[in-house]
Every structure is written in C-alpha cells, then in structure tokens.
Amino acid sequence: MLVSIVLIPLMLGLLALVMPWKGARRALLIAGAAYHSAMTVFLGLFRKDAYTSGAWIGLDSQGLLFLAITSALFLAVAIYTTGYLGRDSERKVRDSVEGFLFSNEPEAIFIACLLLFLTSMSMVCISRDMGLLWVAVEATTLVSAPLITFHRHHRSLEATWKYLLICSVGIAIALLGNYFLAFAGHGKTHLNLDNLVAGAGLLDQTWLKAAFLMLLVGYGTKMGMVPMHTWLPDAHSEAPSMVSALLSGALLNCAFLGILRGHTVLAAAGLGEFSGELLVFFGMLSMAVAAAFMIRQNDYKRMLAYSSIEHMGILALGVGLGGLAGTGAMLHAVNHSITKGLLFLVSGHLLFTYGSKKTYDVRHVIRTAPLTGILWVAGFLAITGAPPFGAFLSEVTILKGMLEADRWGIAIGYLAVLAVIFIAMARIVIPMAFGLPQQDQPVEESPLSKKEPLWFAGPAMVMAFIILALGLYIPGSVWNFLGQAAAMKGGF
Amino acid sequence: MIVWTDIFILMLVLADFRLLATSRLAAVIQTTVLQAIALSAFMLTIADRPWPLLLIFLSLVTLTVKGVILPWLLNRAMREAGVQREIEPIVGYSASVLIGMILLGLSFLIFIPLKSSVSVESSFLLPGALFTTLTGLLMIVSRKNALTQVAGYLVMENGVYAFGAALAVEEPLLVEMGVLLDVFVAVFVMGITVYQISREFDHIDTDRLSELKD
C-alpha cells in the first residue's frame with residue numbers, strides 16, 4: 001500500500017516519457033497527482049497499517065506531515081501545469097528580460113520529470129532509513145534539474161548549473177554525515193531510524209556530533225540555509241512558476257526532513273541541546289540575511305525566493321528551540337508551503353500578463369487583473385504573518401514557545417526581522433497592486449487574453465481559502481498530531 | 001592485508017596530487033580511473049578472506065561505474081564541448097599542490113581526537129578519504145572549467161565513498177547500490193548540462209556564468 005505512492009507516479013512518469021499523445025500525457029499527470037492525494041488521505045486515516053518498527057519505509061508523523069504538504073501542492077501544480085502547457089508549450093515565447101525568442105523543453109520530458117519529482121519526494125517522506133533517505137534526496141536534485149531549464153535559454157542554464165553543482169556537493173557532504181553516523185554506531189548499527197533511536201545511548205558522542213554537522217551542512221544546502229543558499233534565488237527565479245512553487249513548498253521541506261531525522265537521533269542520544277542550538281543559530285542567520293536581500297529587491301520572483309529562505313530559517317529556529325516552538329514550526333511548514341505555492345502561481349500569472357519580472361514594470365494589478373491583484377495582496381499578508389491567515393497563528397505559536405523557554409534575546413531578534421521583512425515586502429507589493437502605471441510607458445497589448453483562466457484561478461483560490469481557514473480554526477486533533485511530529489521521538 | 005590497504009590508500013592520495021597539478025582534462029579523467037581502481041581494490045583488502053560474494057560484486061560494480069562508465073561519459077562530454085585543458089584556474093597549479101599538502105596535514109590532525117570506533121586497522125584510511133574529499137572540493141572551487149568541476153565532484157564522491165567502503169561489510173548493499181546509481185545519474189545530468197552550456201555559450205567557463213545575482 002505505502003509503496004504504491006512511490007511506484008504509481010514512477011510508472012506514470014516513465015509512461016509519460018513514451019506517450020505520443022499530448023492530451024493523454026497531461027491526463028497522466030493529473031492521474032498521478034489525484035492518486036497520490038487520495039492515497040495520502042487514506043494512509044493518513046489508517047496510518048497504523050503503514051508503520052512497522054524497523055522497516056525500510058513507514059509513515060511516521062513527521063513523514064506524513066511533509067507527505068501531505070507535498071501531495072496537496074502537487075495536485076494544485078498539476079492542474080495549473082495542464083493549462084500552462086496548453087498555452088505555452090508549443091509556441092515560441094518571448095523572453096521577459098532580454099526580448100529574444102526561445103522554445104521550451106519537450107513536454108514529454110517536462111511531465112515525466114514532474115512525476116519523477118513527486119516520486120522522489122514521496123520516497124524522502126516515507127524513508128525510515130538514513131541511507132535510503134539520502135538516495136531519495138539526491139534523486140530529487142537530479143530529476144528537478146530538467147524542470148528548472150524548461151525555458152531553454154542561457155539564464156535558466158546558468159541557474160540549473162548552479163543548482164546541480166551546489167546541491168550535489170551539499171548532498172555528498174550529507175552522505176559523509178551518514179557514514180559518520182555509522183562510525184558513531186561502531187559500524188554495527190544499521191542506519192535505520194528505529195535502530196538508531198533505540199540504541200542511541202551506545203553511540204559514540206564525538207562522531208555523532210560530527211555526523212550532525214555534516215547532515216546540517218549537506219541537507220541545509222538543499223534547504224536553502226544561509227550561507228549555503230546561493231543557488232536558491234537563481235533557480236527559483238528562472239524556473240517556470242509552478243516549478244518554483246514545488247521547489248519552495250515541497251522540496252525545501254523534504255531537505256529539512258533530513259535534518260529533522262538527524263536531530264531526532266541526537267536528541268535520543270542526549271545531544272539535543274547541541275543540535276538544537278546549531279539549528280537556532282543557522283535559523284536566525286538565514287532569517288536576517290534573507291531580510292537584508294529583500295530590502296530594495298526589484299525582481300518579484302527573487303523576492304519570493306528570499307522569503308523562502310527566511311521561512312526555512314523560521315522552521316529551523318522553531319525546531320531548534322523545541323517544545324511549543326517546535327509544534328509551531330510544524331504548523332508553519334504547512335502554512336508556508338501553501339502560501340508560497342499560491343504566491344508563485346500568482347507570480348506566474350503576473351509574469352504572463354506584464355511580461356516582466358521587474359517590480360517597477362508591474363503596476364495597478366488590482367485594475368488590470370482584479371482577481372490576481374487580490375490574491376497577490378492576500379498572499380503577501382499571509383506570508384508576512386499578518387492576521388487572519390495561517391502563518392500569523394504559527395508565528396505567534398513559535399513566539400510563545402520562545403517566551404516559555406525564556407529566550408528573550410531570540411524573541412526580540414525574531415520580531416525585529418519579521419518587522420523588517422513586512423516593511424520590505426510591503427514596499428514592493430503594495431505599489432505593484434495599487435500603484436498607478438507610469439504615463440510614458442503604455443502597457444503593450446498582448447494578443448492573448450489577460451483574464452484569469454480557470455486552471456490558474458481554481459487552484460489559487462482553493463489555496464487562498466486553505467490558508468485563511470488555517471488561520472481561523474485548527475482542531476485539537478490536528479494540534480495533537482503536530483505536537484507528535486515536533487516531539488522528535490522518531491517513531492509513530 | 002593492512003599493507004595492501006595502506007598501498008591503495010596511498011594510491012588514492014597520490015592521484016589527488018596529480019589531479020591538483022595538471023591542467024589537461026584528459027589527464028584528470030585518467031586519474032579518476034586510477035582512483036576507481038584503488039577504491040574498488042581496497043574495499044576488498046579491508047574484509048577478511050574468503051571475501052563475501054556481495055562484497056566482490058559491490059567492488060566490481062564500483063569499478064565498472066566509477067572506472068569505466070563515468071570516465072567514458074566525461075570523455076564524450078569533453079570531445080563534444082571541444083575543450084582540452086583548463087586555461088586560467090582561479091588558484092594556480094603549484095599553489096593548489098601546496099594547499100593540498102596543508103590539507104593532507106590537517107586531515108591527519110582532525111582524526112587524532114576522532115578515534116576510529118570501527119575496526120579499521122589502517123591509520124591512513126580515514127585521513128586519506130577525507131583528503132580525497134577535500135581535494136574534490138578544492139577542484140570545484142578553484143577551477144573554472146565546468147568539466148573539471150564535474151570531475152571534482154566525482155573525486156569528492158570518491159573520498160566520501162572511501163569512508164563508506166570502510167563500512168562496506170556492515171552497510172546494506174541496497175544503499176551502496178543506490179549511492180552508486182545516484183552518482184552515475186548525477187554525472188550524466190551534469191554532462192548533459194555542460195553540453196547544453198557549450199552549445200548556448202560557446203564556452204564552458206563557469207566564472208562567465210554570472211548574469212544571475214543581486
């Protein structure tokens with residue numbers, strides 16, 4: 001049962017590679033996404049069957065949380081992609097920065113890689129073995145590289161190259177971390193999470209610390225943690241918008257899961273403070289650096305990319321502090337993924353409507369495309385943690401956790417950075433939405449309609465509704481589940 | 001057997017210096033073949049004879065992937081890109097070798113407190129593996145040519161793999177095979193990207209890929 005959420009997308013992806021008909025290929029994508037979502041809901045409800053202690057794969061609470069996020073986001077992206085490909089895949093597209101014409105990657109490769117991307121991310125979520133987890137994370141890099149270079153031109157190639165090389169090197173360091181874990185177990189312990197947690201007391205502490213450092217640097221590279229984040233803004237700004245949504249909302253979480261697994265082992269060995277403090281430090285650093293780059297940012301996709309770095313920092317910070325802040329971080333992972341997915345989809349429509357990624361070219365969205373404008377502003381409020389959206393609730397929960405733990409210095413720094421980011425983003429987003437266009441630059445009429453198509457408006461509105469609902473009410477059972485995921489017990 | 005382990009590790013380390021000292025891409029690729037041979041041989045020397053069948057199998061697969069298929073891929077990419085040598089590295093060759101010597105010393109120093117808890121008898125193994133990893137990293141950051149960087153990634157992966165090989169007897173085969181498969185696909189995808197870069201830009205100098213920045 002459990003393994004089918006990996007195998008079915010894999011088979012559909014391979015099928016898409018050889019499928020000669022366009023319509024059928026897109027249907028495969030929808031089918032893969034739909035099956036995956038349905039199966040995730042089913043497994044979530046009857047989870048006990050999907051978990052055996054000591055097995056290679058299993059669905060624990062952390063894995064289920066990230067699997068659910070990935071699945072929901074992928075469904076939205078799949079619907080968006082079918083419409084997007086219908087519009088863009090065959091025609092020559094004019095480049096938004098330099099104005100040359102380019103053609104896109106063959107659609108078969110793109111759809112196949114999307115499905116394989118889902119496969120590898122699901123594998124990350126259900127791996128209960130550090131070795132298997134590593135193999136799956138590296139696989140996500142390799143199958144997502146062709147997704148970033150969907151628009152075939154020199155900037156996307158540059159972004160892909162940086163992504164491939166930096167992340168591969170990072171992941172190689174994570175492999176070193178895995179081997180160090182094995183050394184910590186005197187070469188006798190299998191890197192199964194259950195074994196490691198159960199026998200944590202016998203692990204060699206020096207090696208264990210070294211192992212966590214390597215895992216943090218390795219998976220941290222992929223997660224976009226400062227200072228290993230340099231690939232992230234490039235890849236996110238050059239990839240097609242739905243790919244950016246997946247990278248930001250699903251892939252970064254998967255890499256974070258790798259760090260969480262390491263943290264779990266260290267916590268079990270009584271070194272939770274060591275790994276927690278490292279996470280707190282890198283979390284704060286990521287937030288601060290991301291804030292610095294968001295001030296005066298003039299490319300709105302890069303702005304969203306830096307915002308992802310900031311939110312990964314918040315996740316690391318919350319988990320590092322543990323307790324209530326950890327629970328808040330788990331909730332924040334959900335909020336961030338859905339909100340960022342929404343924002344990237346909206347940015348894709350902005351890019352199509354205005355033909356520019358520069359913030360000063362986009363003006364008066366609220367009149368030009370009212371629905372896009374409303375979603376853009378709502379997404380901005382949600383991502384910066386304004387009420388009544390979900391991120392407000394999770395960020396306040398993390399703050400409460402900090403105060404409970406008497407970490408006043410951290411709390412003040414956290415609030416200051418959040419305030420800076422709110423102002424920086426407001427200064428970019430508000431003129432885009434409400435500012436009047438400059439008179440001397442008449443907006444070029446595009447031959448294609450500016451009205452929001454259903455394949456964009458549908459998923460985007462559902463996502464907006466979800467983040468609003470998450471801000472209004474969260475049932476007690478969900479809080480329990482999040483607390484379980486944050487408890488770092490490693491098991492069911 | 002410990003003599004043989006030491007010899008093969010020494011081979012790995014000497015190959016690292018060759019990598020740091022040469023500008024010719026063909027020589028770099030040849031040296032990765034040498035490293036693959038050393039790597040797959042020393043996996044066997046760690047275990048007691050008679051060697052388990054799985055270990056022999058793993059060693060052969062390692063040799064095939066790292067010693068035959070990947071160098072072939074790199075050679076093809078080199079011919080397609082029409083690039084023979086690294087023109088102007090960021091760090092020169094003699095400076096690279098000097099840095100290499102310092103790194104080798106550091107690699108030995110690091111493992112004094114980190115006493116090996118595994119039954120690795122050779123005192124060269126862990127420092128040698130770490131030094132190979134660092135050599136790969138140094139190649140990636142100090143060279144401009146995209147193909148040299150791919151080779152650097154391969155060397156780094158060799159070093160990490162040497163750590164793993166010390167555990168090859170204990171680690172499940174499935175994971176080792178997965179690691180090899182990933183490395184293979186990684187070099188494959190990087191090769192395709194290098195080819196696309198050479199077609200789009202007429203060069204593969206990564207320092208000139210600098211349009212995206214803040």
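Predicted model: local features only at pLDDT ≥ 70, side-chain atom pairs only at ≥ 80, totals over all residues.

Q: Where do B:Phe17 and B:Phe131 sit in chain B?
A: B:Phe17 is in helix 1 (residues 2-21) of chain B, and B:Phe131 is in helix 5 (residues 125-142) of chain B. They are 114 residues apart, and the pair links distant parts of the chain.

Q: How many aromatic pairs are there over all chains?
A: The count comes to 22 aromatic pairs over all chains. One of them is A:Phe42 with A:Phe46, whose ring centres are 5.1 Å apart and whose planes are at 50 degrees, so the pair is tilted. A:Phe42 is partly exposed, at a relative accessible area of 35%. A:Phe46 is partly exposed too, at 45%.

Q: And what are the distance and angle for the rings of B:Phe17 and B:Phe131?
A: Their centres are 5.3 Å apart and their planes are at 35 degrees, so that pair is tilted.

Q: Which residues do ring pairs link into a cluster?
A: The cluster holds A:Tyr80, A:Tyr84, A:Phe110, A:Phe150, A:Trp455 and A:Phe456.

Q: What sits over the ring of A:Phe274?
A: The charged end of A:Lys209 does, 5.3 Å from the ring centre. In chain B, B:Lys66 lies over the face of B:Tyr161, at 4.8 Å from the ring centre.

Q: Switching topic: how many salt bridges does the structure hold?
A: It holds 14 salt bridges over all chains. One of them joins the side chains of A:Glu107 and A:Arg26, at 2.8 Å from N to O. A:Glu107 lies in helix 4 (residues 107-126) of chain A and A:Arg26 in helix 2 (residues 22-45) of chain A, so the bridge ties together parts that are 81 residues apart in sequence.

Q: Why does A:Glu107 count as buried?
A: Because its relative accessible area is 6%, and buried means under 20%. A:Arg26 is buried as well, with a relative accessible area of 16%.

Q: What does A:Arg128 meet in a salt bridge?
A: The side chain of A:Arg128 meets that of A:Asp194, at 2.7 Å from N to O. A:Arg128 lies in the loop between helix 4 and helix 5 (130-148) of chain A, while A:Asp194 is in helix 7 (residues 193-198) of chain A, so the pair ties together parts 66 residues apart in sequence. A:Arg128 is buried at 1% relative accessibility, and A:Asp194 is buried at 14%.

Q: What about B:Glu211, which residue does it form a salt bridge with?
A: B:Glu211 forms one with A:Arg155, and the closest N and O atoms are 3.9 Å apart. B:Glu211 lies in the segment after helix 7 of chain B and A:Arg155 in helix 6 (residues 154-184) of chain A, so this pair joins two chains. B:Glu211 is partly exposed, with a relative accessible area of 40%, whereas A:Arg155 is buried, at 3%.

Q: Which residues are linked with A:Arg155 in a network of salt bridges?
A: The network links A:Arg155 with A:Asp95, A:Glu238, A:Lys357 and B:Glu211.

Q: Where is B:Ser210 found?
A: B:Ser210 is in the segment after helix 7 (173-201) of chain B. It is partly exposed, with a relative accessible area of 36%. B:Ser210 and B:Ser123 are 87 residues apart in sequence and 43 Å apart in space, C-alpha to C-alpha.

Q: Stepping back, how many helices and strands are there in chain B?
A: Chain B has seven helices and zero strands. Its radius of gyration is 18 Å, close to the 17 Å that the globule rule gives for 214 residues, so chain B is as compact as a globular protein of that length. The C-alpha trace spans about 55 × 35 × 35 Å along its principal axes. Buried residues make up 57% of the 214 residues.

Q: Last one: which residues form a nonpolar patch on the surface?
A: A:Val3, A:Leu7, A:Leu10, A:Leu14, A:Leu15, A:Leu17, A:Val18 and A:Ile109 form it, with about 650 Å² of accessible area together. Helix 1 (residues 4-18) of chain A gives the largest share, six residues. A:Leu7 is found in helix 1 of chain A and is partly exposed, at 39% relative accessibility.

Conventions. Residues numbered from 1 in each chain as written. Chains lettered and ligands numbered in written order. Heavy atoms only, no water. Helix = DSSP H or I, 4+ residues; strand = E, 2+ residues; numbered from the N terminus. Buried < 20%, exposed > 50% of the residue type's maximum accessible area, 1.4 Å probe, protein only. Patch = residues over 30% accessible without salt bridge, like charges linked within 9 Å, V, L, I, M, F, W, Y side chains within 5 Å. Areas by Shrake-Rupley, 256 points an atom, 1.4 Å probe, with all protein chains shown as cover. Salt bridge = Lys/Arg side-chain N within 4 Å of Asp/Glu carboxyl O. Phe/Tyr/Trp six-rings, centres within 6.5 Å; stacked < 30°, edge-to-face > 60°. Lys NZ or Arg CZ within 6 Å of the ring centre and 35° of its normal. Rg over C-alpha atoms; globule rule 2.2 N^0.38 Å.
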